[in-house]
Amino acid sequence: MSGQIWAVAAEGGYLYSDELSDILRQQVQPLTKFRQLCDMQDGAQKGLNRGDKFFWNVFGNVATQGRRLSESDPIPETGFTLSQRSLTVQEAGNSVPYTGKLSDLAKQDVVSILDKTLKDDARKYFDIEAYLQFNSTPLRASTATSTTAITLDTNGTASQTNNVALGTGHVKAIVDAMKERNLPPFVADDYVGVSRPSTYRNFKNQLESIHQYTETGITFIFNGEIGRYESCRFIEQTFIPAGGAADSTVFDPWTSTPDPWNNAASSWAFFLGGDTVTEAVCVPEEIRAKIPGDYGRSRGIAWYYLGGFGLGHPDATNARVVKWDSAA
């Protein structure tokens, strides 16, 4: 069987030693951030027995703007369009089988070790799925060499090959573009930016006092939040690599797809307005034990989840997410 067995030291035998520390130590685990940024709450309680689709309606503006009326004018009549979006609920999970002999002879608790390891694996899955939805936004901000101006494309592809690192001038231009498009804020009056520490490095060097903009009075601080600038709160994440992920089913956090950024000057960043991504949950993530087989000698533990993620506004007119990007 694959999984954890007693006979192979690296797969289970090391769980017993004459003098073994009681402290559980793991390899480095990244701090994941994207799932907390899924702010469309209507899918959170989808529940069971309601099919594998989750739908939401988007109502457009009225076709004719209201206006002043003279005394003899009738009140004008108009209408609006309605579009419907959807996501498909999927199953997800992972498991580690282990033998009864390993559990019986190990000095450390096998089940608690697997429980913690699988929970780390599940957290990474959710960040991958959320990232893939943010990454499908049609709004792409890029620039070739300017430190103050951007080109905002609306077809899902950046038109400029970026050769400069993200800086304060770009942040101002992106936030201005979001405000000009009347994008609602993510929380209070602020947008949210999320990227890797190396992408923020030039930006933070230009603004060494960024931390003075973090307000002590904010009642909710995002995990990984590092500061606030130009009506935008910034979050660092270290899990999704610089090149991004193409498919959650083959995603490996330690290798990445080719990065389009010239001279490694920067990498992607997302700037979020409100009502961005929804997570529809049928069965929240849970740890499950395998029904023992072979008279109790074959055991296992797994995490399981039934749900899905969807970008709230995939059309360019109403899109709420801007990606700092570069042409390949």
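User: Which residue is the bridge partner of Ser95 in β11?
Analyst: In this predicted model, Ser95 has Ala302 as its bridge partner in β11.

User: And how many bridges join β3 to β11?
Analyst: There are 10 bridges between β3 and β11 (residues 298-311), and the two strands run antiparallel.

User: What order do the strands of that sheet have?
Analyst: The order is β3-β11-β10, an open sheet of three strands with antiparallel pairing. The edge strands, β3 (90-99) and β10 (277-289), each pair on one side only. From one strand to the next, the twist averages 10 degrees.

User: Switching to the inside: which residues touch the most other members of the largest nonpolar core?
Analyst: Those are Phe34, Leu37, Phe134, Phe270 and Tyr305, in a core of 33 residues. Among the elements giving two or more residues to this core are β3, β10 and β11, while α2 gives the most, with nine residues.

User: What does Phe34 touch, leaving out residues up to four places away in sequence?
Analyst: Its contacts include Asp127, Ala130, Tyr131 and Phe134, along with Val194, Gln237, Ile240, Trp268 and Phe270.

User: Nice. Which residues does the second, separate core include?
Analyst: That core has 21 residues, including Ala141, Phe203, Ala269 and Phe271.

User: Zooming out, how many helices and strands are in the protein?
Analyst: The protein has four helices and 12 strands. Of its 328 residues, 45% are buried.

User: And what about the accessible surface?
Analyst: For the protein, that is about 17500 Å², with 49% belonging to carbon and sulfur atoms.

Key. Residues are numbered from 1 along each chain as its sequence is written. This is a predicted model: local features need pLDDT of at least 70, side-chain atom pairs count only at pLDDT 80 or more; totals for chains, interfaces and linings use all residues. Side-chain values use heavy atoms; hydrogens and water are left out. Two strands pair if DSSP finds at least two bridges between them. Axes are lines fitted to C-alpha atoms, for helices over the stretch in contact, and angles run from 0 to 180 degrees between N-to-C directions. Buried means under 20% relative accessible area, exposed over 50%, partly exposed in between (1.4 Å probe, protein chains only). Accessible areas come from the Shrake-Rupley method with a 1.4 Å probe; for residues, only the protein chains shown count as cover. A nonpolar core is a set of buried Ala, Val, Leu, Ile, Met, Phe, Trp, Tyr and Cys residues joined through side-chain atoms within 4.5 Å. Contact means heavy atoms within 4.5 Å.
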